[in-house]
Amino acid sequence: MPTFDESRDETIEILSIVPTQGPGGIIAPSCTAAISLAVDEINSGTGILGREIRLTTIDGGRSPFEVATEVEAFLATGMVGAITGWHTSAVRRAVADAVDGRVPYLYATDHEGLPDERPGVLLVGEHPDHQTVPAVAWMARELGVRKWAVIGNDYIWPRQTVNALRRALPSPADIVLEQYVPLGTTDFHAFLDSPALLRADAVLVLMVGADTARFNRQFTATGLPAIMPRLSPAVDENVLLSAGPAANTNLYVASSFFIDEHTADGRDRRDRYREHQGAFAPALTTFSNSTYEAVHLLRTLADTVGTLDVPTIAGRLATGIVLDGPSTRNGFIGNQAVGPAHLARADGVDFDILDRLP
């Protein structure tokens, strides 16, 4: 199978997989813009391994098979040096099978953390044990939440996240309602009308993009937000804007990629983004910031190890590695990037960061 040839004096092609259709489509413009900023910043320096990088975007909103087939075609050219992007775990697993460890694959969103990841898959987003589970513990401690209702899209990440939560709760019976719906669902009344919902203290929302926004609007129409908080590890400012401020009351979000306007780094990153993209660009959001950081993390990792060769990178990561770069991910333990996660509460169409999660 063709692999990337570092000896060729050419640009390094990076494939960026983001959904331009389906429920995740509302996220694509901001992710693409943020990745473009990272690429230009890297190319204004020494590039990656001394070579300029070039970006090709692939629509990750199609079926996993279609996405993986297109990735395979690009890999056959021998010019692709790495893959990144924001897309579902179902797409990631199909793409990882197609890549088969030929190039590094930095997955820039939350994942389910199963032990059977393919070689070369580097997980930039968080495992549920480091994000959703401690956020649930925070809500038990601070808000008295004990019983949970769960609504999720029907694929591997939501189901495995609930399995992680079930292991962490005092009793599996603390999940009083659990429903999964197809991607693109528009009607959530089967969940909202369930009598079991009223036995819950809070709702865990494990859906993608526009599905979450639609659910939040329908949930708000029931009048429940005043007494029943929601928690999600998969909401960014695009989702808040799509749902509308009124639908975001009592909504808590766990993430490693909040843009904190109260810090010099957060303000500077937003300023650079606006200068690069213009006044009418899509917002730099939690999700798009994760894709921005993944590209910089790739550059830092490649320059630290001295190669994009997957077996060499894996050997260095096996014992842990500390990296220095413009990312909240400050290293790897195995294939999992390491850095802080935080809990925030929605404030209209923005976030108020409340606490750092242990």
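Me: How many residues of strand E1 (residues 12-18) are buried?

Reply: First, the idea. Buried means under 20% relative accessible area, exposed over 50%, and partly exposed in between, with a 1.4 Å probe and protein chains only. Strands (E, at least two residues) and helices (H or I, at least four) are DSSP runs, numbered from the N terminus. Now the case: seven of the seven residues of E1 are buried, so to speak "mostly covered". This is a predicted model, where local features need pLDDT of at least 70 and side-chain atom pairs count only at pLDDT 80 or more, while totals for chains, interfaces and linings use all residues. Residues are numbered from 1 along each chain as its sequence is written, and side-chain values use heavy atoms, with hydrogens and water left out.

Me: Which residues point each way from E1?

Reply: Ile12, Ile14, Ser16 and Val18 point one way. Glu13, Leu15 and Ile17 point the other way. All are buried.

Me: Which residues stand opposite glutamate 13 in E2 and in E3?

Reply: Two strands pair if DSSP finds at least two bridges between them. E1 and strand E2 (residues 53-59) run parallel, joined by seven bridges. There, glutamate 13 faces arginine 54. E1 also pairs with strand E3 (residues 80-85), again in the parallel sense, over four bridges. In E3, the bridge partner of glutamate 13 is valine 80.

Me: What unit do E1, helix H1 and E2 make?

Reply: Point the strands away from you. A crossover is right-handed if the path from the first strand over the helix to the second then runs clockwise. E1, H1 (residues 28-43) and E2 make a right-handed β-α-β unit.

Me: In what order do the seven strands of the open sheet stand?

Reply: The order is E7-E6-E8-E9-E10-E14-E15, with mixed pairing. E7 (175-181) and E15 (350-357) are at the edges, each with a single partner strand, so one side of each has no neighbour in the sheet. From one strand to the next, the twist averages 20°.

Me: At what angle do helix H10 and helix H11 pack?

Reply: Axes are lines fitted to C-alpha atoms, for helices over the stretch in contact, and angles run from 0 to 180 degrees between N-to-C directions. Angles under 35 degrees count as roughly parallel, over 145 as roughly antiparallel, 65 to 115 as roughly perpendicular and the rest as oblique. H10 (residues 286-305) and H11 (residues 310-317) pack at about 90°, with axes 10 Å apart. The two are therefore roughly perpendicular. Contact means heavy atoms within 4.5 Å. Leu301, Thr304 and Val305 of H10 meet Thr312, Ile313, Arg316 and Leu317 of H11.
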